[in-house]
Amino acid sequence: MPEGLKALMSRADGADRAPPPVEKWNPPFCGDLDIRIARDGTWHYLGSPIGRERLVRLFASVLRKDEDGRHYLVTPVEKIGITVEDAPLLAVEMAVEGKGQDQAVTLRTNLGDLVTVGPDHPVRFEKETDSGGLKPYVLVRGRLEALFTRALMYELADMLEEREEGNGVALGVWSGGAFFSLPRDLLDALE
């Protein structure tokens with residue numbers, strides 16, 4: 001295991017801190033490591049689930065998605081590629097305040113991130129390839145997204161409302177003064 005990750009692991013039981021500024025670090029690429037984040041949010045190392053939540057949270061604090069679309073664990077001295085099957089985080093809990101344009105949707109991820117959906121944390125929708133259903137994602141930090149769990153997706157679907165737009169009616173959700181609409185092609189596929 002690379003030295004930088006070993007040092008992180010040795011601090012896994014330390015106090016919680018704000019995430020480090022991984023977006024500002026530009027270390028050399030040191031290769032790939034057999035760490036995989038499964039679709040269900042479980043982290044695996046060498047094929048086995050990582051059972052220590054503090055260690056997973058520590059790794060997640062140095063997780064970054066680069067412009068090449070790949071995910072990396074980044075320290076000031078090394079950048080290590082890992083595999084992410086879908087999104088690296090899951091949106092697992094939602095709190096909603098207000099209605100319409102004044103609505104605020106706040107989400108908690110499986111690793112404790114809290115974000116309020118809005119211009120800085122937009123929601124986007126994709127079609128689920130296996131079932132043809134809806135897959136909503138929220139931007140958490142950097143380029144890292146959280147996939148809504150199925151239960152949360154149903155809660156979000158109950159909040160969808162119509163809005164008149166220049167090219168017809170859009171279906172979406174309000175939060176933080178912004179309207180996040182389903183893409184027209186996805187809406188047509190769901191009908």
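Tutor: Begin with one term: a residue counts as buried when its relative accessible area is under 20%, and as exposed when that area is over 50%. Keep in mind that this is a predicted model.

Student: What percentage of the residues of the protein count as buried?

Tutor: Of the 191 residues, 42% are buried. The protein exposes about 10,300 Å², and carbon and sulfur atoms supply 48% of that area.

Student: How many helices and strands does the secondary structure come to?

Tutor: There are four helices and 15 strands.

Student: How do I read a sheet?

Tutor: Look at the order of its strands and at how they pair. Here an open sheet of six strands has the order β9-β8-β7-β12-β11-β10, and its pairing is mixed. Strands β9 (114-116) and β10 (123-127) stand at the edges with a single partner strand each, so one side of each has no neighbour in the sheet. From one strand to the next, the twist averages 40°.

Student: Which way do β7 and β8 run?

Tutor: They run antiparallel: six bridges join β7, residues 89-97, to β8, residues 104-109.

Student: Now a helix. How do I tell its sides apart?

Tutor: An α-helix has 3.6 residues a turn, so residues three or four places apart point the same way. Apply that idea to helix α3.

Student: Which residues of α3 are buried?

Tutor: Leu152, Met153, Leu156 and Met159 are the buried residues of α3. They cover an arc of only 110° around the axis, which means they are on the same side of α3. Ala151 and Asp158, on the other side of α3, are exposed.

Student: Which strands does α3 lie across?

Tutor: Helix α3, residues 150-159, lies across β7, β8, β10, β11 (134-141) and β12 (144-148). Its direction is at about 35° to β7.

Student: What share of the contacts with a separation of 6 or more comes from residues 24 or more positions apart?

Tutor: Such residues account for 52% of those contacts in the protein.

Notes:
Residues are numbered from 1 along each chain as its sequence is written. This is a predicted model: local features need pLDDT of at least 70, side-chain atom pairs count only at pLDDT 80 or more; totals for chains, interfaces and linings use all residues. Side-chain values use heavy atoms; hydrogens and water are left out. Two strands pair if DSSP finds at least two bridges between them. Helices (H or I, at least four residues) and strands (E, at least two) are DSSP runs, numbered from the N terminus. Axes are lines fitted to C-alpha atoms, for helices over the stretch in contact, and angles run from 0 to 180 degrees between N-to-C directions. Contact means heavy atoms within 4.5 Å. Buried means under 20% relative accessible area, exposed over 50%, partly exposed in between (1.4 Å probe, protein chains only). Accessible areas come from the Shrake-Rupley method with a 1.4 Å probe; for residues, only the protein chains shown count as cover. The arc is that of the directions from the helix axis to the C-beta atoms.
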